[in-house]
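Okay, thanks for coming, everyone. Let me put it up.

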Amino acid sequence: MMQFENLFEKVEAIIDKYGRERANLLPILTDTQDLVDHNFIPEEVAEFIACSLCIPTSQVYEVITFYAVLSEVPKGKHIVQVCDSTVCRLNKNTSLVEALEKELGVSVGNTRPDGEVTLEFTPCFGACDISPAIRIDKKVYGNLTEEKLVKVINDNIGGMHS
Amino acid sequence: MKRTANLISGNFKKYDPLQIDSYIAIDGFKALKKGFELGSDGIIDEINASGLMGRGGAAYPTGVKLKQSRDVPGDVKYLICNADEGEPATFKDRYLLEYDPYSIIEGMVLTAYTVGATHGYIYVREEYSYLHNMLRKTLDLARQGNFLGENILGKGFDFDIELFSGAGAYICGEGSSLIESMEGKSGRPRIKPPYTKVSGLFREPTLVHNVETLTTIKTILYHGAGVFSKYGTEESKGTKLISLCGNVNNPGVYEIPFGITIREIIEDLGGGVKDNLDVKFLQLGGASGAIMPKSLIDIPYAYESFKENGLEIGSGAVLVADSTNRIIDFLDSVQTFFLHESCGKCTPCREGNRQLSNIIGRMKDGSATDNDVASVERIANIMKYASFCGLGKTAPTAVLTAIRYFSDELFSKGDVYERM
């Protein structure tokens, strides 16, 4: 597919960097996904990686579907993750969820129709000292109140509020 | 008794990780030089004398583990620093990675030298990706300073460390699953034996230690076992990093000597419960740990007193819940986690977590049946005794301890369930 042409070259470079052994599959996949706009591994790319490492495509998918970071389907350009583990629940993360859904215009567990943002729950990411916390595109924001949350969203995904 | 100590945490924020000289200026790598003088036997003696037990949760005597690992023959031997800190309510390893990475590196080189390891990895969870580049830089600087690489400090010992990133899987905190993921597979546990010490990464002997354990090895070598074991109780020597969090005023990582009470931890370190509310319960050691009622708040934080009361230190998480929280809601949050994180390899864990989640969900909304209530404990026990690995075995701990201490609230008629 045309849209991935440039991508294959970059993936090739990643594979060369790590080496063509199966043991390097996880870092190859995470680095590759970082290159793709919507935080996923397209099927053509999964096949390309399988081929380069001389392993069945099913083994590549076994890994993609096992790890929370990897996705086989497109997600939003921005990923907003709300910690839903024990500590953040005790610290009333539910009010954050409501505010996020309202602010981002998408319900938790979904990607907004314009493809700009995915809002999802995530297990504990170790920010319990600043709970309740969220992650936006892998960056952690903590000690959140509804007010602070709106500012964080505007700073990171500003201007896209539908 | 003093309520905090600064042996393991003594270097926090005292130097700039991007300037290795600032670490060397505060006695950095002095413990390593001492270790080279002591030799492998001397280091193991020192660690045995300190009474150190594994800080990742299993509390296995570290000196014993070092000796066992050293006695495994092999030209290639791996040392993995397990920084896949995924246990909910636990973040003490993050502080070590962020505020004292060179002590981890120094502890790793000391450990590698002790057991004869040839290659090292720091396996850092993806969620700490913002630390990855800093950590890679510290490894580069350590290599430039000849604290890593070939012929370290001219002692004829070769050892290097690479960083490996996880990809979001709690199960990979379990040693053999972590190793599977490093071989490019999904992170599902291996059957033991063979233990990873004998056959681990790429089927070579592999020693896996928690971040805090490795740092504490360095700490003990630096201060001497005598200074370390002066702290603590008869059976729980030394100090421990705890992750204090939940409904307390001052959450954070604290280094405590074993033996102070849980009340002291909450009130003196945590500044008490938020909004002047009362403590209702705690969860100790993370989501896989026991729920402790307020009535036990005056017991000492130590392995022996915890054991007497059916608790475990685990990772050192101390999660405090105030009186406004319902037990059933809390169990629901624990179950949500384990349902998500069960790897699916064995039936007791995969199905057990699903059934527990369903029943707890019904108890939460008041629609549980007699049959549900009768099943909870049975399913939890099956998971505890029949699961393949530690995840499934410990996933029902919260449920089982909640039943022990809060059965009146959990099973109150008309509140959480209706009789058919």
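Predicted model: local features only at pLDDT ≥ 70, side-chain atom pairs only at ≥ 80, totals over all residues.

Residues are numbered from 1 along each chain as its sequence is written, and chains are lettered from A and ligands numbered from 1 in the order in which they are written.

Chain A, then. Its mean pLDDT is 93, with 94% of its residues at 70 or more; pLDDT is the predictor's confidence in each residue, from 0 to 100. Within chain A, confidence is highest in helix H4 (57–66), at a mean of 98, and lowest in helix H7 (146–157), at 92. Helices here are DSSP runs of H or I with at least four residues, strands are runs of E with at least two, and both are numbered from the N terminus.

How many residues of chain A are in contact with chain B? It's 30, and they meet 41 residues of chain B. Contact means that the C-beta atoms, placed from the backbone, lie within 7 Å. On chain A's side, helix H2 (25–35), H4 and helix H5 (86–90) each give two or more residues. That side has 17 nonpolar, six polar and seven charged residues. For those classes, Ala, Val, Leu, Ile, Met, Phe, Trp, Tyr, Cys and Pro are nonpolar, Asp, Glu, Lys and Arg are charged, and the others, Gly among them, are polar.

Over to chain B. We've got domain 1 (20–229), domain 2 (231–322) and domain 3 (327–410), with bounds from an automatic or database domain assignment. The C-alpha centres of domains 1 and 2 of chain B are 26 Å apart. Between these two, 17 residues of domain 1 touch 22 of domain 2. Helices H4 (92–99) and H9 (225–230) of chain B each supply at least two residues on the domain 1 side.

Last, the sheet. In chain B, five strands form an open, mixed sheet in the order E6-E5-E9-E7-E8; strands pair if DSSP finds at least two bridges between them. The edges are E6 (252–257) and E8 (290–293) of chain B, each pairing on one side only. Strands E5 (239–246) and E9 (317–322) of chain B run parallel, joined by four bridges. One bridge partner pair is B:Gly246 and B:Val320.
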